[in-house]
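Hi everyone, thanks for coming. I'd like to walk you through one model today, so please have the sequence and the structure open as we go.

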Amino acid sequence: MIRLAECTYLEAGRLARDERSVILLPLGAVEQHGPHLPLLVDWLGAEELARRVAPHLTRAGYRVILAPALPYGASPLALTWPGTVSLARATLRRVIVDLVRGLARHGFRRFVLTNYQADPAHLRAMAEAKRELRGGAGGRRLEIQFAGFSPEASSQDVMLDPRVLRLARSPRPAFEWHSGELETALVLARRPDLVRRGVVRRLPPVWVDFRAALRRGAKRFEEIAPGGLGYFGWPAAGRAVTAERALRLRGRLLAREIIRAFADRKPPRPPRGRARRRVRATA
């Protein structure tokens, strides 16, 4: 996987002209994740999904380029909690559109928005951005796919796939959501130094039908669980090994959906018999 920000402009130009190139753009959020997890959970998760999807795309013949993550997202559910920074939905849509068009201006055509933020406003902004980008840039159509929590069923279904949920230790995996077992496991796997372990051990399970609350029109976490501490699920059940297994499975399933969506325009095989300049890649 090549990190775009570490390339020179000459290297970026060559990548932009390569028909095999796919840009992964992680979309995160800076918002409260209970008393036990840091504000960067969704940002961390988006980058981790990109890292897990990338090897599968590479094996399928694509040249994978990781763009710098957009750390801020739309987080109105957590708006009143200290530390949360929520972009307006229209602002997030505009930023996504500008980022993709900025890269498309130089020749990139395939984009995967990897996302770990499930706030409905954030997902709507993603859908609106994709519709706006559908017309392409410079007369050429752009290919935009989602990986992770998504306004589209195929990607969203992967994140909640029964095979993923069966990895959970929680007796009620369908009610594990914000800052619960799987998100606590994610941070334990990737940034264990940021988990407040003493706090985690003292947190009782909070299983709330958040989907029903959202359907009823809940706009804030406080309306979903009045008096709660900003988490839903059983954080104490989180284990790093669970996150590793879930990420590995999600990466494989998400990559399969992306490859299927790009199937009508398979990347050409790299040229043979002549030297090609190489761009520095990082794992």
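**A walk from the cavity to the sheet**

Let me start inside: helix 11 gives the most to the lining of the largest cavity, with 4 residues. Before I go on, please keep in mind that this is a predicted model.

So what lines this cavity? The residues are Tyr116, Leu182, Leu186, Ala243, Ala246, Leu247 and Arg250. Two elements, helix 7 and helix 11 (240–261), each give two or more residues to that lining. The volume of the largest cavity is about 30 Å³, and the count of cavities of 30 Å³ or more comes to 1.

Now let's move to an open space. How big is the second largest pocket? Its volume comes to about 490 Å³. There are 27 residues in the lining, and Ala118, Phe149, Leu160, Trp177 and Phe210 lie nearest the centre of this pocket. Helix 4 (120–133), helix 7 (181–190) and helix 9 (210–215) are the elements that give two or more residues to the lining of the second largest pocket. That lining divides into 15 nonpolar, 4 polar and 8 charged residues.

While we are around helix 7, have a look at the loop between helix 6 (162–165) and helix 7, where you will find Ser179. Ser179 is not a glycine, yet its phi is positive, at about 65°. Is Ser179 buried or exposed? With a relative accessibility of 0%, Ser179 counts as buried.

Let me zoom in on strand 2. Strand 2 (residues 21–27) pairs with strand 3 (residues 63–66) in the parallel sense, over 4 bridges. Within this pair, Val22 stands opposite Val64, and Leu24 stands opposite Leu66.

How many residues of strand 2 are buried? The number is 7 of the 7, so strand 2 is largely enclosed by the rest of the structure. In a regular strand, side chains alternate between the two faces of the sheet. Here, Ser21, Ile23, Leu25 and Leu27 point one way from strand 2, while Val22, Leu24 and Pro26 point the other way, and all are buried.

My last stop is helix 1 (residues 9–17), where Glu11, Ala12, Gly13, Leu15 and Ala16 are buried. And what covers these buried residues of helix 1? The cover includes strand 1, strand 2 and strand 3.

That's my tour, and I'm happy to go back to any part of it with you.

Key. Residues numbered from 1 in each chain as written. Predicted model: local features only at pLDDT ≥ 70, side-chain atom pairs only at ≥ 80, totals over all residues. Heavy atoms only, no water. Pairing = 2+ DSSP bridges. 1 Å grid on protein atoms, 1.4 Å probe; cavity = no way out; pocket = protein on both sides within 12 Å on 5 of 7 lines; lining within 4 Å. Points joined across faces, edges and corners; volume = space filled by probe spheres on them. Nonpolar A, V, L, I, M, F, W, Y, C, P; charged D, E, K, R; others polar. Buried < 20%, exposed > 50% of the residue type's maximum accessible area, 1.4 Å probe, protein only. Contact = heavy atoms within 4.5 Å.
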